[in-house]
Amino acid sequence: MNDFYTRNTPSSEPDEEVSDSFNQIPRPDAASVARLEALRDGDNAAYKEVYLMWRKPIHNLLVKLTGSSADAEDITQEVFIKLWEIHEKVDPAKDIRALLYVMARNAALALFKKRKVRKDYLDHTVFDDIDATTTYDIVVEREKLLLAELAVSRLEPQTQRIYEMSEKLLMTHDQIATKLGISPQSVSNQLHIANKAIRQAINIFILFFITNIK
């Protein structure tokens, strides 16, 4: 069983980019541990310090994930309200960045769900995603699925449908083309759009972790 925060197995394989990003998460330094201990104990000053430190990075992340500054602002406020509500559950030994990221990502997915975007994977609480008993590989694979779902949910309905037929129903390009009455090339083009959006979402995730070192 591998600890989400401590495993460090470098890899240059493209499909392990998310895994590499989790490896970038360091253990908190002494000052961070003290700050998070104070937050856990309900210290308002510590909470304000975390808010001021992480509000902008979380907001920027959400602008990229949702494509909307207004949505990003609303979700950012929601994330920090939620953080205060669960402050007693904060683990000072773990980097707060991962917790804030998961809350932001979950809130973004929930927003799309409310707007009747199809979503199959948002069935875990924030702490399910970062539980130290969860195996490292499961966390990484779950994150890939969630990022893919979020990215595809922002695309045109036809592109979403083609992606689901290909990835979830395992239909060939020709089968999809016949079913939808379009050319195989059109299917290929739409899948290219979907896969590009997924890669961009993964890159956003990677950049959040490697450029926000506190």
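**Entry 1. The chain as a whole**

I noted at the outset that this is a predicted model. I then listed the secondary structure and found 10 helices and zero strands. Read from the N terminus, the order of elements is α-α-α-α-α-α-α-α-α-α. The chain has 214 residues, of which 46% are buried. I also looked up the contacts between residues at least 6 apart in sequence; 67% of these join residues at least 24 apart.

**Entry 2. Helix H5 by itself**

I located H5 at residues 96–114 and checked its length. I next looked up burial: 16 of the 19 residues of H5 are buried, so the helix is largely enclosed by the rest of the structure. At the start of H5, I found a side-chain oxygen of aspartate 95 within 2.7 Å of the backbone nitrogen of arginine 97.

**Entry 3. H3 against H5**

I turned to helix H3, residues 44–66, whose axis comes within 10 Å of that of H5. The two axes cross at roughly 40°, and H3 and H5 are therefore oblique to each other. I recorded the crossing of H3 and H5 as right-handed. On the H3 side, the residues that meet H5 are Val50, Trp54, Ile58, Leu61, Leu62 and Thr66. Their counterparts in H5 are Ile96, Arg97, Leu100, Tyr101, Ala104, Ala108 and Phe112.

**Entry 4. H4 against H5**

I then examined helix H4, residues 69–85, which packs on H5 at an angle of about 130° with the axes 9 Å apart. That angle makes H4 oblique to H5. This crossing, of H4 and H5, is right-handed. From H4, I listed Asp71, Ile75, Glu78, Val79, Phe80, Lys82 and Leu83 as meeting H5. The H5 residues in this contact are Ile96, Leu99, Leu100, Met103, Ala104, Ala107, Ala108 and Leu111.

**Entry 5. Threonine 159**

Is threonine 159 buried or exposed? I first placed threonine 159 in helix H8, residues 157–167. Its relative accessibility is 4%, and because buried means under 20%, threonine 159 counts as buried. Leaving out residues up to four places away in sequence, I found that threonine 159 touches Gln190, Ile193 and Ala194.

Key:
Residues numbered from 1 in each chain as written. Predicted model: local features only at pLDDT ≥ 70, side-chain atom pairs only at ≥ 80, totals over all residues. Heavy atoms only, no water. Helix = DSSP H or I, 4+ residues; strand = E, 2+ residues; numbered from the N terminus. Expected span 1.5 Å × (residues − 1). Buried < 20%, exposed > 50% of the residue type's maximum accessible area, 1.4 Å probe, protein only. Polar contact = N/O pair within 3.5 Å; in protein donor to acceptor, adjacent residues only side chain to side chain. Axes fitted to C-alpha atoms, helices over the stretch in contact; angles between N-to-C directions. Parallel < 35°, antiparallel > 145°, perpendicular 65-115°, else oblique. Left-handed = near helix turned anticlockwise from the far one by under 90°. Contact = heavy atoms within 4.5 Å.
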